[in-house]
Amino acid sequence: MMPQSWESADKSLKKNVLKPGIFIKKLTEGSTCTVIVENINVFGTSEADLIEKYHTVILDGERKKMLVIGEAGSEIDEKIERVLCMMNVNEKSLITIVVSPKQLDKPVVSNNSVTVKFEITLNHCNRHKPVWQWHTKEKYEVALRYKEIGTELFKDSRFVDAFHKFSKACKLLITLEPIADLKLDKQLECNINDLRLTLYNNMAICQLKRKNYQYVITLCTKVLNKDSNNVKALYRRGVAYGSMGDNERAIVDLKVVLALESSNHSAKEQLDVYNTRLQKSIQRSKNMMRRMFKTY
(Lines give C-alpha, C1' and ligand atoms only; values in the text may rest on other atoms or scores of the structure.)
Protein backbone atom coordinates (compact mmCIF):
# COMPACT_ATOMS: atom_id res chain seq x y z
CA MET A 1 0.00 0.00 0.00
CA MET A 2 1.29 3.45 -0.92
CA PRO A 3 1.71 5.90 1.98
CA GLN A 4 -0.93 8.63 2.34
CA SER A 5 1.77 11.29 2.17
CA TRP A 6 5.21 11.40 0.59
CA GLU A 7 7.95 14.05 0.27
CA SER A 8 11.11 14.04 -1.81
CA ALA A 9 14.49 14.18 -0.09
CA ASP A 10 15.12 17.74 -1.33
CA LYS A 11 11.66 18.92 -0.13
CA SER A 12 10.78 20.15 -3.63
CA LEU A 13 7.95 17.69 -4.22
CA LYS A 14 5.17 16.52 -1.91
CA LYS A 15 2.13 14.29 -2.41
CA ASN A 16 -0.85 13.93 -0.07
CA VAL A 17 -3.50 11.38 -1.02
CA LEU A 18 -7.01 12.89 -0.92
CA LYS A 19 -8.81 9.87 -2.34
CA PRO A 20 -7.18 6.42 -2.57
CA GLY A 21 -7.40 4.64 -5.90
CA ILE A 22 -7.29 1.08 -7.17
CA PHE A 23 -3.88 -0.59 -6.93
CA ILE A 24 -2.02 -0.98 -10.22
CA LYS A 25 1.53 -1.68 -11.26
CA LYS A 26 3.10 1.75 -11.35
CA LEU A 27 3.51 3.74 -14.54
CA THR A 28 6.85 3.46 -16.30
CA GLU A 29 8.58 5.46 -19.02
CA GLY A 30 6.52 5.35 -22.20
CA SER A 31 3.22 4.78 -20.37
CA THR A 32 0.24 6.86 -21.49
CA CYS A 33 -2.29 8.27 -19.09
CA THR A 34 -5.19 10.67 -18.71
CA VAL A 35 -5.19 13.01 -15.74
CA ILE A 36 -7.54 15.64 -14.37
CA VAL A 37 -5.94 18.75 -12.85
CA GLU A 38 -7.95 20.99 -10.52
CA ASN A 39 -7.62 23.86 -8.03
CA ILE A 40 -4.24 25.24 -9.10
CA ASN A 41 -2.77 27.73 -6.64
CA VAL A 42 0.51 29.54 -7.30
CA PHE A 43 2.67 31.36 -4.74
CA GLY A 44 5.66 33.56 -5.62
CA THR A 45 4.69 34.27 -9.21
CA SER A 46 1.60 34.58 -11.40
CA GLU A 47 -0.21 31.75 -13.17
CA ALA A 48 0.72 33.39 -16.47
CA ASP A 49 4.42 33.28 -15.55
CA LEU A 50 4.03 29.65 -14.56
CA ILE A 51 3.33 28.93 -18.22
CA GLU A 52 5.49 31.61 -19.85
CA LYS A 53 8.65 31.34 -17.73
CA TYR A 54 8.37 27.91 -16.14
CA HIS A 55 6.95 26.35 -19.31
CA THR A 56 4.52 23.94 -17.73
CA VAL A 57 2.14 22.31 -20.18
CA ILE A 58 0.32 20.16 -17.64
CA LEU A 59 -0.73 23.18 -15.54
CA ASP A 60 -1.76 25.46 -18.39
CA GLY A 61 -5.38 25.72 -17.26
CA GLU A 62 -6.94 22.86 -19.20
CA ARG A 63 -8.58 20.44 -16.79
CA LYS A 64 -8.07 17.13 -18.65
CA LYS A 65 -4.70 16.05 -20.03
CA MET A 66 -3.34 13.10 -21.98
CA LEU A 67 0.34 12.48 -21.17
CA VAL A 68 3.18 10.19 -22.17
CA ILE A 69 5.52 9.51 -19.26
CA GLY A 70 9.03 10.61 -20.17
CA GLU A 71 8.14 13.38 -22.61
CA ALA A 72 7.87 16.27 -20.12
CA GLY A 73 9.77 19.33 -21.28
CA SER A 74 10.03 21.39 -18.09
CA GLU A 75 11.08 20.98 -14.47
CA ILE A 76 7.52 21.28 -13.17
CA ASP A 77 6.14 18.74 -15.63
CA GLU A 78 8.97 16.30 -14.90
CA LYS A 79 8.08 16.47 -11.21
CA ILE A 80 4.43 15.81 -12.03
CA GLU A 81 5.47 12.75 -14.07
CA ARG A 82 7.43 11.55 -11.06
CA VAL A 83 4.31 11.83 -8.90
CA LEU A 84 2.14 10.03 -11.47
CA CYS A 85 4.53 7.08 -11.36
CA MET A 86 3.66 6.68 -7.67
CA MET A 87 -0.14 6.91 -8.07
CA ASN A 88 -2.91 4.33 -8.37
CA VAL A 89 -5.67 4.58 -10.94
CA ASN A 90 -8.56 6.83 -9.80
CA GLU A 91 -6.36 8.19 -7.02
CA LYS A 92 -6.72 11.90 -6.28
CA SER A 93 -3.82 13.68 -4.58
CA LEU A 94 -2.79 17.16 -3.53
CA ILE A 95 0.60 17.96 -5.04
CA THR A 96 3.00 20.65 -3.84
CA ILE A 97 5.94 21.58 -6.07
CA VAL A 98 8.72 24.05 -5.21
CA VAL A 99 10.91 25.35 -8.05
CA SER A 100 13.84 27.74 -8.00
CA PRO A 101 14.17 30.64 -10.48
CA LYS A 102 17.90 29.85 -10.59
CA GLN A 103 17.09 26.97 -12.94
CA LEU A 104 15.55 29.29 -15.52
CA ASP A 105 17.33 30.39 -18.70
CA LYS A 106 15.67 33.81 -18.56
CA PRO A 107 16.11 35.90 -15.40
CA VAL A 108 13.16 36.74 -13.16
CA VAL A 109 12.70 39.68 -10.84
CA SER A 110 12.68 37.64 -7.63
CA ASN A 111 15.20 35.07 -6.45
CA ASN A 112 12.62 33.49 -4.15
CA SER A 113 11.34 29.99 -4.81
CA VAL A 114 7.97 29.50 -6.45
CA THR A 115 5.42 27.11 -4.95
CA VAL A 116 2.50 25.60 -6.83
CA LYS A 117 -0.24 23.47 -5.29
CA PHE A 118 -2.88 21.56 -7.21
CA GLU A 119 -5.06 18.46 -7.15
CA ILE A 120 -4.50 15.73 -9.70
CA THR A 121 -6.45 12.56 -10.44
CA LEU A 122 -5.00 9.66 -12.40
CA ASN A 123 -8.09 8.90 -14.44
CA HIS A 124 -6.88 6.25 -16.88
CA CYS A 125 -3.56 4.69 -17.79
CA ASN A 126 -1.97 2.30 -20.25
CA ARG A 127 1.18 0.98 -18.63
CA HIS A 128 4.21 0.43 -20.84
CA LYS A 129 6.69 -2.35 -20.17
CA PRO A 130 9.68 -1.33 -18.00
CA VAL A 131 12.78 0.02 -19.74
CA TRP A 132 14.84 -3.09 -19.05
CA GLN A 133 12.41 -5.04 -21.26
CA TRP A 134 12.69 -2.67 -24.22
CA HIS A 135 14.42 -4.04 -27.29
CA THR A 136 17.38 -2.19 -28.78
CA LYS A 137 15.51 -0.54 -31.66
CA GLU A 138 12.83 0.76 -29.29
CA LYS A 139 15.45 2.37 -27.05
CA TYR A 140 17.03 3.99 -30.10
CA GLU A 141 13.70 5.30 -31.40
CA VAL A 142 12.68 6.74 -28.01
CA ALA A 143 16.13 8.32 -27.58
CA LEU A 144 15.75 9.86 -31.04
CA ARG A 145 12.33 11.20 -30.03
CA TYR A 146 13.80 12.78 -26.88
CA LYS A 147 16.58 14.30 -28.97
CA GLU A 148 13.99 15.89 -31.27
CA ILE A 149 12.10 17.31 -28.28
CA GLY A 150 15.38 18.66 -26.89
CA THR A 151 16.20 20.28 -30.22
CA GLU A 152 12.89 22.16 -30.22
CA LEU A 153 13.49 23.28 -26.63
CA PHE A 154 16.96 24.53 -27.61
CA LYS A 155 15.53 26.49 -30.54
CA ASP A 156 13.25 28.17 -27.99
CA SER A 157 16.36 29.13 -25.94
CA ARG A 158 15.32 26.74 -23.16
CA PHE A 159 18.83 25.43 -22.62
CA VAL A 160 18.29 23.82 -19.20
CA ASP A 161 15.22 21.89 -20.35
CA ALA A 162 16.93 20.94 -23.60
CA PHE A 163 19.97 19.63 -21.72
CA HIS A 164 17.76 17.43 -19.52
CA LYS A 165 16.07 15.97 -22.60
CA PHE A 166 19.37 15.25 -24.38
CA SER A 167 20.71 13.73 -21.18
CA LYS A 168 17.65 11.51 -20.81
CA ALA A 169 18.13 10.25 -24.37
CA CYS A 170 21.80 9.59 -23.74
CA LYS A 171 21.07 7.57 -20.60
CA LEU A 172 18.81 5.30 -22.65
CA LEU A 173 21.61 4.62 -25.12
CA ILE A 174 24.14 4.01 -22.35
CA THR A 175 22.02 1.02 -21.25
CA LEU A 176 22.97 -0.61 -24.56
CA GLU A 177 26.69 -0.65 -23.77
CA PRO A 178 28.78 -2.43 -24.84
CA ILE A 179 27.02 -2.14 -28.19
CA ALA A 180 29.48 -4.48 -29.95
CA ASP A 181 28.28 -7.38 -27.77
CA LEU A 182 24.68 -6.99 -29.03
CA LYS A 183 25.63 -8.10 -32.57
CA LEU A 184 23.24 -5.63 -34.15
CA ASP A 185 22.50 -4.84 -37.74
CA LYS A 186 25.39 -2.61 -38.83
CA GLN A 187 23.14 0.27 -39.84
CA LEU A 188 21.35 0.27 -36.47
CA GLU A 189 24.67 0.10 -34.62
CA CYS A 190 25.97 3.03 -36.69
CA ASN A 191 22.78 5.02 -36.03
CA ILE A 192 23.06 4.45 -32.27
CA ASN A 193 26.72 5.51 -32.18
CA ASP A 194 26.02 8.60 -34.30
CA LEU A 195 23.07 9.60 -32.12
CA ARG A 196 25.11 9.26 -28.96
CA LEU A 197 27.82 11.58 -30.32
CA THR A 198 25.14 14.05 -31.43
CA LEU A 199 23.66 14.02 -27.93
CA TYR A 200 27.04 14.69 -26.31
CA ASN A 201 27.56 17.58 -28.73
CA ASN A 202 24.07 18.93 -28.03
CA MET A 203 24.59 18.72 -24.28
CA ALA A 204 27.88 20.55 -24.76
CA ILE A 205 26.28 23.49 -26.57
CA CYS A 206 23.63 23.73 -23.82
CA GLN A 207 26.40 23.91 -21.21
CA LEU A 208 28.28 26.44 -23.34
CA LYS A 209 25.19 28.67 -23.37
CA ARG A 210 25.11 28.36 -19.56
CA LYS A 211 28.86 29.14 -19.34
CA ASN A 212 29.59 25.81 -17.64
CA TYR A 213 32.86 25.48 -19.48
CA GLN A 214 34.37 22.48 -17.68
CA TYR A 215 31.31 20.41 -18.55
CA VAL A 216 31.65 21.50 -22.18
CA ILE A 217 35.24 20.28 -22.25
CA THR A 218 34.30 16.92 -20.72
CA LEU A 219 31.42 16.33 -23.14
CA CYS A 220 33.34 17.41 -26.23
CA THR A 221 36.29 15.24 -25.25
CA LYS A 222 33.94 12.24 -25.15
CA VAL A 223 32.97 13.01 -28.74
CA LEU A 224 36.56 13.54 -29.85
CA ASN A 225 37.68 10.27 -28.29
CA LYS A 226 35.40 8.57 -30.84
CA ASP A 227 35.67 11.08 -33.69
CA SER A 228 38.85 13.17 -33.53
CA ASN A 229 37.79 15.34 -36.48
CA ASN A 230 34.36 16.29 -35.17
CA VAL A 231 34.24 19.99 -36.01
CA LYS A 232 31.44 20.94 -33.62
CA ALA A 233 33.15 19.30 -30.65
CA LEU A 234 36.52 20.84 -31.54
CA TYR A 235 35.02 24.31 -31.89
CA ARG A 236 32.98 24.14 -28.69
CA ARG A 237 35.86 22.74 -26.67
CA GLY A 238 38.14 25.40 -28.09
CA VAL A 239 35.73 28.16 -27.09
CA ALA A 240 35.37 26.61 -23.62
CA TYR A 241 39.15 26.48 -23.18
CA GLY A 242 39.44 30.09 -24.31
CA SER A 243 36.65 31.23 -22.02
CA MET A 244 38.52 29.64 -19.11
CA GLY A 245 41.71 31.49 -20.05
CA ASP A 246 43.52 28.46 -21.51
CA ASN A 247 44.39 30.22 -24.75
CA GLU A 248 47.00 27.70 -25.87
CA ARG A 249 44.60 24.75 -25.84
CA ALA A 250 41.89 26.89 -27.42
CA ILE A 251 44.22 27.75 -30.29
CA VAL A 252 45.15 24.10 -30.85
CA ASP A 253 41.49 23.04 -31.20
CA LEU A 254 40.51 25.97 -33.39
CA LYS A 255 43.47 25.43 -35.73
CA VAL A 256 42.26 21.87 -36.28
CA VAL A 257 38.78 23.22 -37.05
CA LEU A 258 40.21 25.53 -39.70
CA ALA A 259 42.34 22.74 -41.13
CA LEU A 260 39.14 20.76 -41.62
CA GLU A 261 36.95 23.72 -42.60
CA SER A 262 39.00 26.62 -43.89
CA SER A 263 35.87 28.72 -44.45
CA ASN A 264 34.65 28.43 -40.83
CA HIS A 265 34.38 32.15 -40.01
CA SER A 266 33.35 31.63 -36.38
CA ALA A 267 36.46 29.54 -35.72
CA LYS A 268 38.67 32.13 -37.43
CA GLU A 269 37.21 34.96 -35.36
CA GLN A 270 37.69 33.05 -32.11
CA LEU A 271 41.20 32.01 -33.11
CA ASP A 272 42.13 35.65 -33.69
CA VAL A 273 40.74 36.56 -30.24
CA TYR A 274 42.68 33.85 -28.40
CA ASN A 275 45.84 34.45 -30.43
CA THR A 276 45.74 38.12 -29.47
CA ARG A 277 45.20 37.25 -25.82
CA LEU A 278 48.05 34.75 -25.87
CA GLN A 279 50.45 37.24 -27.44
CA LYS A 280 49.52 39.88 -24.86
CA SER A 281 50.07 37.33 -22.10
CA ILE A 282 53.48 36.41 -23.49
CA GLN A 283 54.43 40.09 -23.76
CA ARG A 284 53.37 40.74 -20.17
CA SER A 285 55.54 37.85 -19.03
CA LYS A 286 58.52 39.21 -20.97
CA ASN A 287 58.04 42.68 -19.51
CA MET A 288 57.85 41.25 -16.02
CA MET A 289 61.07 39.29 -16.53
CA ARG A 290 62.85 42.40 -17.78
CA ARG A 291 61.78 44.33 -14.68
CA MET A 292 62.97 41.51 -12.47
CA PHE A 293 66.44 41.44 -14.06
CA LYS A 294 66.72 45.24 -13.90
CA THR A 295 66.00 45.08 -10.17
CA TYR A 296 68.91 42.68 -9.66
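Student: How many helices and strands does the protein chain have?
Tutor: The protein chain has 9 helices and 6 strands. Helices (H or I, at least four residues) and strands (E, at least two) are DSSP runs, numbered from the N terminus.

Student: Is the chain compact or spread out?
Tutor: The radius of gyration is 24 Å, well over the 19 Å that the globule rule gives for 296 residues, so the chain is more spread out than a compact globule. The radius is taken over C-alpha atoms, and the rule is 2.2 Å times the number of residues to the power 0.38. Along the principal axes, the C-alpha atoms fill a box of roughly 85 × 55 × 35 Å.

Student: What sort of model is it, and how are residues numbered?
Tutor: This is a predicted model, in which local features need pLDDT of at least 70 and side-chain atom pairs count only at pLDDT 80 or more, while totals for chains, interfaces and linings use all residues. Residues are numbered from 1 along each chain as its sequence is written, and side-chain values use heavy atoms, with hydrogens and water left out.

Student: How much of the chain is buried?
Tutor: Of the 296 residues, 44% count as buried. Buried means under 20% relative accessible area, exposed over 50%, and partly exposed in between (1.4 Å probe, protein chains only).

Student: Which residues of α8 are buried?
Tutor: They are Asn247, Ala250, Ile251, Asp253, Leu254, Val257 and Leu258. Helix α8 covers residues 247-260, 14 residues in total, and reaches 20 Å from its first C-alpha to its last, close to the 20 Å expected at 1.5 Å a residue. The expected span is 1.5 Å times one less than the number of residues.

Student: Why do residues three or four places apart point the same way in a helix?
Tutor: An α-helix has 3.6 residues a turn, so residues at that spacing point the same way.

Student: Moving to α3. Is alanine 143 buried or exposed?
Tutor: Alanine 143 is buried, at 0% relative accessibility. Its place is in helix α3. Leaving out residues up to four places away in sequence, alanine 143 touches Ala169, Leu172, Leu173 and Leu195. Contact means heavy atoms within 4.5 Å.

Student: And what is threonine 136 in contact with?
Tutor: Apart from neighbours within four places in sequence, threonine 136 contacts Leu176, Leu182, Leu184, Leu188 and Ile192. Threonine 136 is in α3 (residues 136-155) and is buried, with a relative accessible area of 18%.

Student: Where is serine 157, and what is its phi?
Tutor: Serine 157 lies in the loop between α3 and α4. Its phi is positive, about 65 degrees, although serine 157 is not a glycine. Serine 157 is partly exposed, at 32% relative accessible area.

Student: What about lysine 183?
Tutor: Lysine 183 also has a positive phi, near 55 degrees, in a residue other than glycine. Lysine 183 lies in the loop between α4 and α5 and counts as exposed, at 77% relative accessibility.

Student: Which residues does the cis peptide bond join?
Tutor: Glutamate 177 and proline 178, with omega about -10 degrees. Proline 178 is in the loop between α4 (159-174) and α5 (186-209).

Student: What lies over the face of tyrosine 146?
Tutor: Lysine 165, at 5.0 Å from the ring centre. A charge sits over a ring if NZ of Lys or CZ of Arg is within 6 Å of the ring centre and within 35 degrees of the ring normal.
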